[in-house]
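User: Please take a close look at the aromatic ring pairs in this model, and at the surroundings of the rings concerned.

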Amino acid sequence: MPGGATACLRAGRRDGSGRVMEPPLPAAALLLLPLLLVPLALLARRRRGRRTPPLRLLVVAGSGGHTTEILRLLSCLSESYSPRHYVFADSDEMSEAKIRSFEQKRAETFSSSQFTLDRIPRSREVRQSWTSSVVTTLYSILYSLPLTYKLKPDLILCNGPGTCVPVCISALLLGLLGIKRAIIVYVESICRVETLSMSGKILYYFSDYFIVQWPDLKEKYPKSVYLGRIV
């Protein structure tokens, strides 16, 4: 577990003896059940007898522990999710290095593995005022719209970085325009024990699957899916 996530757990809930109470680990088959059902739903809509191509997956990465967590989720997915299009903030150098390392290792198992890297303007910097954040977020949405149109993902996977908001909103706009409907799967970070991140509070209302890793969040947000700890 990344250092940031460990620190969050230490600040989380404790039992009577003072030990950290971690969410239970579910069975392996249930780790990403909603994700595994997505291709079945998509493929069922296509004509029988026609060769079905892999699902185009757009992954939103973020600085800190977000990228580490999202790559752990990707390691559970088959090569049916290909190509993988990674999107991250233009000021995020760490995520690119982690993604390239992950894909190099994956290529050792899947020789036909394909991925792309794209950058967009960061929607909000740390300690940036909320007023200026509106402007930078709108700019990021406008920048993301042609990129999302070009990639036309079948599935978008994100886990909380601010970058995922403009990407998901641009995908929603394409769906409303009838250009391309993408399924959005949001996995809240393990750090979030009792409250959602700002990105989560926004995308809770727009995502197709909203997965949380702590039971308190499931109680507060009934639309969410609780699978226990998955990263």
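**Aromatic pairs and their surroundings**

Analyst: In this predicted model, Y186 and F210 are both buried. A pair of aromatic rings is described by the distance of the centres and the angle of the planes. For Y186 and F210 the centres lie 4.9 Å apart with 10° between the planes, and the pair is stacked. Y186 belongs to strand β5 (residues 183-187) and F210 to strand β6 (residues 209-212), so this contact ties together parts separated by 24 residues in sequence.

A second pair is formed by Y204 and Y221. Its ring centres are 5.2 Å apart and the planes meet at 65°; because planes over 60 degrees apart count as edge-to-face, the pair is classed as edge-to-face. This pair, too, links distant parts of the chain, 17 residues apart: Y204 is in the loop between α7 (198-203) and β6, while Y221 is in the loop between α8 (215-220) and β7 (225-226). Buried means under 20% relative accessible area, so Y204, at 9%, is buried, and Y221, at 18%, counts as buried as well.

For K152, the charged end is placed over the ring of Y149, 3.5 Å from its centre.

Methods
Residues are numbered from 1 along each chain as its sequence is written. This is a predicted model: local features need pLDDT of at least 70, side-chain atom pairs count only at pLDDT 80 or more; totals for chains, interfaces and linings use all residues. Side-chain values use heavy atoms; hydrogens and water are left out. Rings of Phe, Tyr and Trp (its six-membered ring) pair if their centres lie within 6.5 Å; planes under 30 degrees apart count as stacked, over 60 as edge-to-face and the rest as tilted. Helices (H or I, at least four residues) and strands (E, at least two) are DSSP runs, numbered from the N terminus. Buried means under 20% relative accessible area, exposed over 50%, partly exposed in between (1.4 Å probe, protein chains only). A charge sits over a ring if NZ of Lys or CZ of Arg is within 6 Å of the ring centre and within 35 degrees of the ring normal.
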